[in-house]
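Here are a few notes to read alongside the structure. Keep the 3D view open and find each part as you go.

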Amino acid sequence: MSTLSIANAAGSAGKTTTAVALGALIAQSGRTARIIDCDPQGNATHATGAIVPAGGPTIADILSGTRTITDAELDTVVPGLTVVPAQSATLEGIETTLSRTVGAEQRLRLALESAVPVDVTIIDCPGSIGLLTVTALVASDAAFTVAMPTVKELAGLPRIEGVIEQVRLAYRPRLRLVGVLPCKVPPRTRGRLYTEALELLHKQWGDRVTPSVRDSVRVPEAYAARTPLPAYEPTAPVTADYRAVLACIDAGGMLG
Ligand SMILES: Nc1ncnc2c1ncn2[C@@H]1O[C@H](COP(=O)(O)OP(=O)(O)OP(=O)(O)O)[C@@H](O)[C@H]1O
Ligand SMILES: [Mg+2]
């Protein structure tokens, strides 16, 4: 039983794709997995194919303290994988309300502690560091970040590591940034820039760097089909990339 947040300081890096692909692969490996959609955009909810009942409970109700995870949790198109959904209409703006509530950043941790246990819970964070990301980190045993290998994206990594360190000191002594995943990596033929950035990444983050995930049109296709990548294209090279990432996570004991 462990909880992993996927977070970074930049948008569109590949967090949601990674959360959903890893969740699906974990479920396909015979374990139980739960994705918590902590992003008002609700992309992870969409990507899992879950049907959110109109007016049904979402992560916003859990963070407001009015509903439990069991109330909100939905099945997805992948057996063994569930999702706690988000909807923009309810989660947008909740950060302001929560910031005025004493102890709000502990709510997700408490909700998870009383939820039906699953082998792995993955929390998909929004593309900026605010109260929602902090709330997710407070509930996590480990954090993962994803970045395209470009100078701009790599420059943002120390920021997320700093926030993780603050949460570790304040709330969660076990919390660590366990993995840095190079995402949307273009082929080598696109030039030295990406290769050099990858080399820099390895130099700075050492064995925390996981195998890379290539840039592939299969990813937006799977999203459009509302089917997690490993179920949509089980044999695609980009799915194999994610399998290698999960193998690295399992071999490194990154999930604790
Ligand atoms: N390996 C990949 N190859 C090609 N496109 C990708 C890949 N990974 C992600 N994408 C695309 O990049 C966009 C952003 O991906 P994703 O939604 O996973 O990022 P994110 O970090 O969750 O973004 P946000 O900060 O908005 O939540 C999406 O359109 C997605 O389909
Ligand atoms: Mg996202």
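This is a predicted model: local features need pLDDT of at least 70, side-chain atom pairs count only at pLDDT 80 or more; totals for chains, interfaces and linings use all residues.

1. As background, strands in a sheet pair through backbone hydrogen bonds, either parallel or antiparallel.

2. Now pick out one pair. S1 (residues 2–6) and S6 (residues 142–147) run parallel, and three bridges join them.

3. Next, the ligand. Where does ligand 1 sit? You'll find ligand 1 in the largest pocket. Two elements give two or more residues each to its shell: helix H1 (15–28) and helix H12 (218–224). H1 gives the most, with three residues.

4. Who are the neighbours? There are 17 residues around ligand 1, and the nearest are Lys15, Thr16, Thr17, Arg214 and Ser216. Sorted by type, the shell has four nonpolar, eight polar and five charged residues.

5. Finally, check the polar contacts. Lys15 has a polar side-chain atom 2.8 Å from an oxygen atom of ligand 1, and for Asp39 a polar side-chain atom lies 3.2 Å from an oxygen atom of the ligand. With Ser216 the backbone is involved: one of its polar backbone atoms is 2.8 Å from a nitrogen atom of ligand 1. On its own, ligand 1 has 630 Å² of accessible area, and the protein covers 82% of that.

Conventions:
Residues are numbered from 1 along each chain as its sequence is written. Chains are lettered from A and ligands numbered from 1 in the order in which they are written. Side-chain values use heavy atoms; hydrogens and water are left out. A residue is near a molecule or strand if one of its heavy atoms lies within 4 Å of it. A polar contact is a pair of N or O atoms within 3.5 Å; within protein, one must be able to donate a hydrogen and the other to accept it, and residues adjacent in sequence count only if both atoms are side-chain atoms. Accessible areas come from the Shrake-Rupley method with a 1.4 Å probe; for residues, only the protein chains shown count as cover. On a 1 Å grid over the protein atoms alone, a cavity is a set of points where a 1.4 Å probe fits but cannot get out, and a pocket is an open set with protein on both sides within 12 Å along at least five of seven lines; lining residues have an atom within 4 Å of a point. A molecule sits in a cavity or pocket if more than half of its atoms lie within 2 Å of its grid points. Helices (H or I, at least four residues) and strands (E, at least two) are DSSP runs, numbered from the N terminus. Ala, Val, Leu, Ile, Met, Phe, Trp, Tyr, Cys and Pro count as nonpolar, Asp, Glu, Lys and Arg as charged, and the others, Gly among them, as polar. Two strands pair if DSSP finds at least two bridges between them.
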